[in-house]
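Hi everyone, thanks for making the time.

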Amino acid sequence: MSFARTIAGGGRAAGEIFAATDLGKSFGEDDAAPVEVIRSVSFALARGEIVSLVGPSGCGKTTLLNLICGLLAPSRGRIAWFGRPLAGTPERVGYMLQKDLLLPWRTAVENAELGLQIKRVGRAERRARAMGALERLGLAGFAGFYPSALSGGMRQRVALARTLAPDPEVLLLDEPFSALDFQTKLLIERDTARLVREEQRALLLITHDIEEAVSLSDRVIVLSRRPSRVITEHRIALPGDRTDMIQAREAPDFAHYVRTIWNELELH
Amino acid sequence: MVSASDGAGPAMLARKPAGRARRRWRGRLGVFAAQLALLALLLAAWEAATRGAAVNAFLFGSPGAIASALIAAARDGTLFTDTLVTGLETLAGFVLGNLLGTGIGLALWYSRFVSRVLQPFILALGSIPIVALAPIVIIWFGTGFASKLAMATLSVVVVSLVIAYKGALGVDPDQINLMRSLGADKHQIFRHLVLPASLTDIFAGLKLTVGFALVGAIIGEFMSSDEGLGHAIFKAGSLYVISKVFAELAVTVALALVLSALVHRLERALLPWRHDLQ
Ligand SMILES: Nc1ncnc2c1ncn2[C@@H]1O[C@H](COP(=O)(O)OP(=O)(O)OP(=O)(O)O)[C@@H](O)[C@H]1O
Ligand SMILES: [Mg+2]
């Protein structure tokens, strides 16, 4: 993944998805006492790459995600998507928050169709693609259920299906797996890793789970407390198949990475 | 794709088993029987009190006299025409007022600027007691159907507007962000998110305003009219025929109950995802 090295260099590296340079965000800038949430954060994401952001609660991870996909305007800094400055919201991005945000008046499959419907994909095709996404997540039998009749973990999987159905190139996921049981979580992590690595997509993952970050990612970026900046960026080098989450946990260096990151979060 | 057996398993679970529905029906029957018994008891006590001269039947009426008044009104056909007239005025005002109010309320969501500009005007309009408008309405719209329609509509429109607007503003901003991240434009956000999300509030508004519309129509009839339940109540009251007043009041209450039951039906039919309603 050497082409991913140019981090926020301004110039466009081959395969670069986006680059954030010296991003800063304060809320309530017009007020007497604005709240500085992000001090200065720079990082980039390349095709085929999985990058995790970890940091203490409230340090601005969700805010950072919203800045990157154009839902919030930064107070400072630059964001480039595919080498061009960001205008509006980027195309072919799958964005998913901690909350499942399912629409209660739509059934599971209708929720999964939402993105395709907005892109004006025909009825039959969008139904087929949404069903495919649900099936992949083990929800085929629940397609006709309203969210109120689904468990928390199932709702989260429907939200993931909604994210995946439009076939995004880039996934921006905010703690997408936190509501899942361990078994399901490892299986969905594996599927997600395959999706990204085998089809040359990219994934930016926000998580509180250090083991998840290390087992899944090529790089783990550790953020400080508010106002946040990058403490360190770890390049995770684990041997073997990087879509096998158990194998990753068995690797000799795994515990070392986890402990190091844990210590950094403790200190800052 | 899903195979037939795949879909059948969990889908079966979602269906209501017949036994539970029957039991619930039986439970409802019990409540209804108790309500009927309570009503009968109250009427019997009232009747006994007026017969025993503990209560003056001329001033307070009596269930027996009320029943005769009802039968008389049913015989000469005024019961039916009065109910129909008031029912139509109410329904028309209810529909028109809610269409206008909900339409404007949701439209205000589109422009924060316009909504901020209009806010004080809406509040001012909302604080005008509708009764006070009745004389002007009669002057403008005459003594027929139009003035009752206007009164019913006015009683509904501001409440409906405020409820729809608050409902639209109450949509989770994260939900809106999600729509934007999927590439939705403002129109799509409205159609797929804001409108359906506001429906719960809008229906709460419908339930509230169906009563307001009835009150508006009856006030209109009080002012000036020659038919309708309001007219019948007003006439009987000024002639001191108290039992007749009560008879017409009972019909009015029945009309109100029927109308709100209809709204409830509509809500259940249109909001199938609300399991608490089903
Ligand atoms: N619209 C806003 N106005 C003012 N302050 C805000 C706003 N949104 C977020 N904040 C503040 O910014 C800080 C960071 O919030 P953010 O949601 O980005 O944290 P986070 O790192 O995602 O936390 P968690 O790990 O708990 O999800 C919080 O202190 C929050 O109160
Ligand atoms: Mg967060």
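Predicted model: local features only at pLDDT ≥ 70, side-chain atom pairs only at ≥ 80, totals over all residues.

Let's begin with chain B. Which arginines gather in a patch of positive charge on the surface? They are R20(B), R22(B), R23(B), R24(B), R26(B), R28(B), R265(B) and R268(B). If you want to find them on the screen, look for two helices of chain B: helix 2, which covers 18-51, and helix 12, which covers 242-270, each supply at least two residues of this positive patch. Helix 2 of chain B gives the largest share, with 6 residues.

Now pick out R265(B), which sits in helix 12 of chain B. Is R265(B) buried or exposed? Exposed counts as over 50% relative accessible area, and R265(B) has 64%, so it is exposed.

Staying with chain B, there is another kind of patch to see. F113(B), V114(B), V117(B), L118(B) and F121(B) together make a nonpolar surface patch of about 480 Å². One of them, F113(B), belongs to helix 6 of chain B, residues 112-126. F113(B) is exposed because its relative accessible area is 63%, where the cut-off is over 50%.

Let's move over to chain A and talk about the backbone. Where is the cis peptide bond? Look between R226(A) and P227(A), where omega is about -10 degrees. P227(A) lies in a loop of chain A, with strand 9 (219-223) on one side and strand 10 (228-235) on the other.

Two further spots in chain A are worth a stop. D167(A) is not a glycine, yet its phi is positive, near 65 degrees. You'll find D167(A) in the loop that links helix 5 (152-164) to strand 7 (170-174) of chain A. With 33% relative accessibility, D167(A) is partly exposed.

Then there is Q200(A), a residue other than glycine with a positive phi of about 55 degrees. Q200(A) is placed in the loop between helix 6 (182-198) and strand 8 (202-206) of chain A. Its relative accessibility is 39%, so Q200(A) counts as partly exposed.

That's my tour, and I'm happy to go back to any of these places with you.

Terms used: Residues numbered from 1 in each chain as written. Chains lettered and ligands numbered in written order. Heavy atoms only, no water. Patch = residues over 30% accessible without salt bridge, like charges linked within 9 Å, V, L, I, M, F, W, Y side chains within 5 Å. Areas by Shrake-Rupley, 256 points an atom, 1.4 Å probe, with all protein chains shown as cover. Salt bridge = Lys/Arg side-chain N within 4 Å of Asp/Glu carboxyl O. Lys, Arg positive; Asp, Glu negative; His and termini not counted. Charge placed at Lys NZ, Arg CZ, Asp CG, Glu CD. Helix = DSSP H or I, 4+ residues; strand = E, 2+ residues; numbered from the N terminus. Buried < 20%, exposed > 50% of the residue type's maximum accessible area, 1.4 Å probe, protein only.
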